[in-house]
Amino acid sequence: MTIRAIYPGTFDPVTYGHLDLITRARTIFDEVIVAVAHHAGKVPLFSVQERVQLLQRVTRQMPGVVVDHFDSLVVDYVRRKRCRVMLRGLRMLSDFEYEFQMALTNRKLFDGVETIFMMPSEAYAYLSARLIKEAGALGADLSAFVPPVVATALRQKLRHGRSRGVAPR
Ligand code: ADP
């Protein structure tokens, strides 16, 4: 029996923290579906297509990882995929309350889903896509936080946004 897990998120953009979690999940599950949310209550910097493409490029060498996207309630997506496991990352205590609420709400919406939490390596425990965008907009070297292809995409996107007077999100 193939055991699959769905790892949903905004991935705006994918970071070494996300990749650390995917790598760990692959040692437990036969297949990990990384699912990019169209709408996550925030306006993303990268389009869905861009976020999917970046994820595909950085997970190309990882067998058993599939990149997809969804535009519905996450539990409806999980149900459609005939999956039972949803994967989320916990960086620090501050993630816990939101994730706890979401896991219980999702279970109420679809009793067949179990949310499994994983912790990243402590090296990535402080990493968030939001902070990386903020630091990138101020010219920080992002090579410790995101793969080179993502750093290049971020630089281009932020340069483009700056020339149009758009603040990073
Ligand atoms: P969200 O889905 O809440 O918009 P993200 O797309 O940034 O958040 O992240 C998707 C999932 O990955 C979330 O469960 C988040 O907690 C987790 N995550 C994000 N960054 C890291 C990290 N550095 N280490 C471990 N998990 C992370």
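**The largest pocket and its surroundings**

Modeller: The lining of the largest pocket comprises 42 residues, and those nearest its centre are Gly9, Thr10, Lys42, Arg88 and Glu99. The model is predicted: local features need pLDDT of at least 70 and side-chain atom pairs pLDDT 80 or more, whereas totals for chains, interfaces and linings use all residues. Residues are numbered from 1 along each chain as its sequence is written, and side-chain values use heavy atoms, without hydrogens and water.

A pocket here is an open set of points on a 1 Å grid over the protein atoms alone, where a 1.4 Å probe fits, with protein on both sides within 12 Å along at least five of seven lines; lining residues have an atom within 4 Å of a point. The space in the largest pocket is about 1,100 Å³, a volume being the space filled by probe spheres set on the points, which are joined across faces, edges and corners.

Two or more lining residues come from each of strand 1 (4-9), helix 1 (16-26), strand 4, helix 4 and helix 5 (129-137). Helices (H or I, at least four residues) and strands (E, at least two) are DSSP runs, numbered from the N terminus. Helix 4 contributes the most, seven residues. By class, the lining holds 21 nonpolar, 12 polar and nine charged residues; Ala, Val, Leu, Ile, Met, Phe, Trp, Tyr, Cys and Pro count as nonpolar, Asp, Glu, Lys and Arg as charged, and the others, Gly among them, as polar.

Strand 4 (residues 85-89) pairs with strand 5 (residues 114-118) in the parallel sense over five bridges, pairing requiring at least two DSSP bridges. Among these residues, Met86 has Thr115 of strand 5 as its bridge partner.

Asp20 is buried at 12% relative accessible area, while Arg24 is partly exposed at 33%; buried means under 20%, exposed over 50%, and partly exposed in between, with a 1.4 Å probe and protein chains only. Another salt bridge joins Glu114 and Arg107 at 3.1 Å, N to O.

Definitions and conventions
A salt bridge is a side-chain nitrogen of Lys or Arg within 4 Å of a carboxyl oxygen of Asp or Glu.
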